[in-house]
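Please look over the protein below before reading on. The report after it goes from the whole chain to single side chains.

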Amino acid sequence: AISALDKALRVRVEKSLKPLYRGIFMKTAAVPGSVLNFAGYLSFTENEQVARNFAKSYKSDIVLKLVGGTGFNYWKWIVEGQEKLRDEDPEAFESGDGDFIIDSAKEEAEWLFPRKMRMRVVDAKEGNPTIVTVRPA
């Protein structure tokens, strides 16, 4: 599964035209100009409320706002696959709850990013949650 994900993150990448969000737990404050390093895969969402909910689940009040990210548009890939299934095999689409899968994918609007990603902090706006704007470093 890891090699398939690594391949998807190399082959099926696109630049997000809108900000992407991720609720996270950070031990230290993000300072503009600093670089954040992430060892594992990362997921972001186009839906800021989804990220806020994740932050709350981590008992955190920090949301990363990624601007200019290039990654794998996972939700779009799921929708395309389900739409193809609906066209080619409507019975399989219905029995597999295809409409629910499409709706769920669109709601979460998830993007995936490769391991060892580095992001530069551009801005940090204190609030509830604190929004930390980052760009790929």
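What follows is a short tour of this model, in sections.

## Ground rules

This is a predicted model, in which local features need pLDDT of at least 70, side-chain atom pairs count only at pLDDT 80 or more, and totals for chains, interfaces and linings use all residues. Residues are numbered from 1 along each chain as its sequence is written, and side-chain values use heavy atoms, with hydrogens and water left out.

## The whole protein

The secondary structure comes to five helices and nine strands. Helices (H or I, at least four residues) and strands (E, at least two) are DSSP runs, numbered from the N terminus. Along the sequence, the pattern reads α-β-β-β-β-α-β-β-α-α-α-β-β-β. The C-alpha trace spans about 50 × 30 × 25 Å along its principal axes.

Of the 137 residues, 37% count as buried. Buried means under 20% relative accessible area, exposed means over 50%, and partly exposed lies in between (1.4 Å probe, protein chains only). The accessible surface comes to about 8,400 Å², and 52% of this belongs to carbon and sulfur atoms. Such areas come from the Shrake-Rupley method with a 1.4 Å probe; for residues, only the protein chains shown count as cover. Now take contacts, meaning heavy atoms within 4.5 Å. Among contacts with a separation of 6 or more, 79% join residues 24 or more positions apart.

Helix α3 covers residues 74-88, 15 residues in total. From its first C-alpha to its last it reaches 21 Å, close to the 21 Å expected at 1.5 Å a residue. The expected span is 1.5 Å times one less than the number of residues.

Which residues of α3 are buried? They are Trp-75, Ile-78, Val-79 and Gln-82. Seen down the axis of α3, the buried residues fall within an arc of 95°, so they line one face of the helix. The arc is that of the directions from the helix axis to the C-beta atoms. These buried residues pack against α4 (90-95), α5 (98-108) and β7 (110-113). On the other side of α3, Asp-87 and Glu-88 are exposed.

Lys-106 lies in helix α5. Leaving out residues up to four places away in sequence, Lys-106 touches Trp-75 and Val-79. Both of these are among the buried residues of α3. Lys-106 itself counts as partly exposed, at 45% relative accessibility. Its C-alpha is separated by 23 Å from that of Ala-1, which is 105 residues away along the chain.

## Salt bridges

How many salt bridges does the model have? The count comes to seven. A salt bridge is a side-chain nitrogen of Lys or Arg within 4 Å of a carboxyl oxygen of Asp or Glu.

Take Glu-48 and Arg-52, with their closest N and O atoms 3.0 Å apart. Both lie in helix α2, four residues apart, about one turn of the helix. An α-helix has 3.6 residues a turn, so residues three or four places apart point the same way. Glu-48 is partly exposed at 26%, and Arg-52 is partly exposed at 25%.

Glu-83 and Arg-86 meet at 4.0 Å, N to O. They sit three residues apart in α3, separated by about one helical turn. Glu-83 is partly exposed at 31%, and so is Arg-86 at 33%. Another bridge joins Lys-125 and Asp-123 at 2.8 Å. Lys-125 is exposed, at 53% relative accessibility. Asp-123 is partly exposed, at 27%.

Which residues make the nonpolar surface patch? Phe-25, Phe-54 and Tyr-58 do, over about 320 Å². Patches are made of residues with over 30% relative accessible area and no salt bridge: like charges are joined within 9 Å, nonpolar side chains (Val, Leu, Ile, Met, Phe, Trp, Tyr) within 5 Å.

Phe-25 is found in the loop between β2 (20-24) and β3 (35-38). At 51% relative accessibility, Phe-25 counts as exposed. Beyond its neighbours within four places in sequence, Phe-25 is in contact with Tyr-58 and Ser-60. Phe-25 and Leu-64 are 39 residues apart in sequence and 10.0 Å apart in space, C-alpha to C-alpha. Phe-54 has its place in helix α2 (residues 48-57). Phe-54 is partly exposed, with a relative accessible area of 37%.
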